[in-house]
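Subject: Model for your files

Hello,

Here is the structure I said I would pass on. My notes follow below it.

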Amino acid sequence: MKIVTWNINGVRARIGNLTHWLTESAPDIVCLQEIKTLDDQFPRAEIEALGYNVETHGQKGFNGVAILSKLRFDEVTRGLPGDDSDEQARFIEGVFSTDKGALRIASLYLPNGNPIDDDKKFPYKLSWMERLERWAQERLRLEEALVLAGDYNVIPEPIDARFPENWLGDALFQPQTRQAFRRLLNLGFTEAVRAVTDKPDTYTFWDYQAGAWQKNNGIRIDHLLLSPEAANRFSAASIEKHVRAWEKPSDHVPVAIDLALQPA
DNA sequence: ATGTCAACTATGAGTTGA
């Protein structure tokens, strides 16, 4: 089963791009971030026409996440628990039935957190990461195949940036950010891409500005975290980098994994 | 060179967020 995460950076601006990619890549389940639309304006008909079920958690103008799936959703939950005052749409969870039992997948869009001296933005990022850790700890107790996929806005290690020194003052590469990400991993997750390669120049995002793509000035911030039960079925990971060279691209590219699971 | 882009407000051009 092929599972992919992709920050689409505006699903309405990118619908042609998305349907072309769905046809080419043929994923079973897709976690989208930054759909930048209300649920009732999501272009679901074009996606359903390709055989996908669609569940969204959108908001006006920015943020927003979705899950597209060839498998029927058994359950859907919107929003990350832990702060009832948080109105930003950054988290959706779906549960599916497979031949090996339940498969639980979350599509998450972790706060950017810049600038770090703002009195709200970086603290919001860190508190969101604490909420995510608590949620993950609880879900791991279920001992299910669990995939936590999305735009983490975290550069885990210096090797995950072409020019790590450029990111020292950035929320994506702060010691507190990296430490929170390691805490999450250390609950027992396998980070899929780094489990299969230690190569440098393994990036998932290239800024639109300053010719970052042409210069390969990239960072790796889109990740898939696997519970032990998912990691035991994990066979491959790939970054679909060619999509960044398409017309009107997102600044992120799809990151895919294969799990040895079949729809029930 | 903060060099780009999407969506908002508002109906041409500025703001926000990334």
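Which residues does the UniProt annotation "domain: Endonuclease/exonuclease/phosphatase" cover? The record, an unreviewed entry, gives residues 4–252. Please keep in mind throughout that this is a predicted model.

Annotated sites

The "binding site" feature is placed by UniProt at Asn7, Glu34, Asp151, Asn153, Asp251 and His252. These positions are spread over 246 residues of sequence, yet they cluster in space, with a largest C-alpha distance of 12.9 Å. The "active site" annotation in UniProt covers Tyr109, Asp151 and His252. That set is spread over 144 residues of sequence and also clusters in space, the largest C-alpha distance being 12.5 Å.

As for where some of these residues sit, Asp151 belongs to strand E8, which runs over residues 145–151. Glu34 is in a loop, the one between strand E2 (29–33) and helix H2 (44–48).

DNA strand B

There are 18 residues around DNA strand B, and those that come nearest are Arg14, Tyr109, Tyr208, Ala210 and Lys248. By residue class, the surface near DNA strand B has nine charged, five polar and four nonpolar residues. Tyr109, listed above among the nearest residues, is also one of the residues under the UniProt "active site" annotation.

- Arg14: an N or O atom of the side chain is 3.1 Å from a phosphate oxygen of DNA strand B.
- Tyr208: a polar backbone atom is 3.4 Å from a sugar or linking oxygen of DNA strand B.
- Ala210: a polar backbone atom is 3.4 Å from a base nitrogen of DNA strand B.

Helix packing

Helix H3 (residues 121–140) packs against helix H4 (residues 175–185) at an angle of about 5°, and the axes are 10 Å apart. H3 and H4 are therefore roughly parallel to each other. On the H3 side the contact is made by Phe122, Lys125, Leu126, Met129, Leu132, Glu133 and Ala136, and on the H4 side by Gln176, Thr177, Ala180, Phe181, Arg183 and Leu184. The residues of this contact comprise eight nonpolar, three charged and two polar.

Loops and backbone

Some loop positions are worth a look on screen. Asn114 and Pro115 are joined by a cis peptide bond, with omega at about -5°. Pro115 lies in the loop that connects strand E7 (101–109) with H3.

Asn63 is not a glycine, but its phi is positive, at about 55°. Asn63 is in the loop between strand E3 (53–57) and strand E4 (65–69).

Pro164 is in the loop between E8 and H4. Leaving aside residues up to four places away in sequence, Pro164 touches Pro158 and Phe173. Pro164 and Gly218 are separated by 54 residues in sequence, and their C-alpha atoms are 9.9 Å apart.

Regards

How values were computed
Residues numbered from 1 in each chain as written. Chains lettered and ligands numbered in written order. Predicted model: local features only at pLDDT ≥ 70, side-chain atom pairs only at ≥ 80, totals over all residues. Heavy atoms only, no water. Near = heavy atom within 4 Å. Polar contact = N/O pair within 3.5 Å; in protein donor to acceptor, adjacent residues only side chain to side chain. Nonpolar A, V, L, I, M, F, W, Y, C, P; charged D, E, K, R; others polar. UniProt positions renumbered as here; feature names shortened; annotations may be inferred. Axes fitted to C-alpha atoms, helices over the stretch in contact; angles between N-to-C directions. Helix = DSSP H or I, 4+ residues; strand = E, 2+ residues; numbered from the N terminus. Parallel < 35°, antiparallel > 145°, perpendicular 65-115°, else oblique. Contact = heavy atoms within 4.5 Å.
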